[in-house]
Amino acid sequence: MKFYGVRVGRQPGVYTTWQACQKQVSGFPNARFRSFQTRQEAELFVKGMANALSVPHTPKRSPSKTRLANDGIHIWVDGACLQHAKGGMRFGWAYLVIQGERELHRASGNDIPENASQYRNVAGEIMAVLQALTWCQAEGISAATIYYDYQGLASWVEGTWKTKTPLTQSYAMSVQSLGIELTWVKVKGHSGEAHNEQVDKMAKEAAGQEAVVNMG
């Protein structure tokens, strides 16, 4: 069992599930949190007394040697946007984290900001990256490879595409502030690659569970 210490978030404290921790830190400016093997370590971290145990997460920190750093962390992301028969759209996001032959974590959801709905499936893909990297930060992962099928996900972060909208500007700044060393690998969507097909399916399933977002 893992314990998640939230030092800076909506409600600091110790949480026993990633989902509970995620609610406190996702989208919270300069959130500080991480996972521990014992409640005592998590409590010390929350109280600001964990320096002897580990290095807390700080935005824009240099990559360091952590438990899973540079050990083949691979993340597949995808988003979905489904047309509803009565008008409006449904949105979803999903990610899958693999290390070697072992699946570490997977998650999906449909919590797409309403003001991002105009970006359709790209909004879901952006959310998938942000959610995946937030999980990585909590787990002490300082380097990862992200597999994606929309070029903007990498290009906005790397600066080869200009961030011309509030959504893309916020996305690029958020990814950069996490301090995780990233390698981006573009894959062709719907090409039969197993992991890519899996996150595509997960994102569509999540979108199917969401209330319709009206586009007008």
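What share of the contacts in the chain with a separation of 6 or more comes from residues 24 or more positions apart? In this predicted model, such residues account for 65% of those contacts, a contact being heavy atoms within 4.5 Å. Residues are numbered from 1 along each chain as its sequence is written, and side-chain values use heavy atoms, with hydrogens and water left out. Because the model is predicted, local features need pLDDT of at least 70 and side-chain atom pairs count only at pLDDT 80 or more, while totals for chains, interfaces and linings use all residues.

The chain has six helices and eight strands, taken as DSSP runs numbered from the N terminus (helices H or I, at least four residues; strands E, at least two). Along the sequence they follow the pattern β-β-α-β-α-β-β-β-α-β-α-α-β-α. Of the 216 residues, 50% count as buried, that is, under 20% relative accessible area with a 1.4 Å probe, protein chains only.

We can turn next to the sheet. Five strands make up an open sheet of mixed pairing, in the order β6-β5-β4-β7-β8; two strands pair if DSSP finds at least two bridges between them. Its edge strands, β6 and β8 (181–186), each pair on one side only. Strands β4 (residues 73–83) and β7 (residues 143–148) run parallel and are joined by three bridges; within this pair, His 74 has Thr 145 of β7 as its bridge partner. Helix α3 packs on the sheet, where it touches β4, β5, β6, β7 and β8, and its direction makes about 150° with that of β4 (axes are lines fitted to C-alpha atoms, for helices over the stretch in contact, with angles from 0 to 180 degrees between N-to-C directions).

The largest nonpolar core has 46 residues, a core being a set of buried Ala, Val, Leu, Ile, Met, Phe, Trp, Tyr and Cys residues joined through side-chain atoms within 4.5 Å. Eleven of its residues, the largest share, come from α3. Among the residues with the most contacts inside this core are Ile 75, Val 77, Tyr 95 and Trp 184. Not counting residues up to four places away in sequence, Val 77 touches residues including Ala 94, Val 129, Ile 146 and Leu 153.

Helix α1 (residues 18–25) buries Trp 18, Cys 21, Gln 22, Gln 24 and Val 25. Seen down the axis of α1, these residues fall within an arc of 160°, so they line one face of the helix; the arc is that of the directions from the helix axis to the C-beta atoms. Their cover includes β1 (3–8), β3 (32–36) and α3 (121–138). After α1 comes Gly 27, with a positive phi near 80°.
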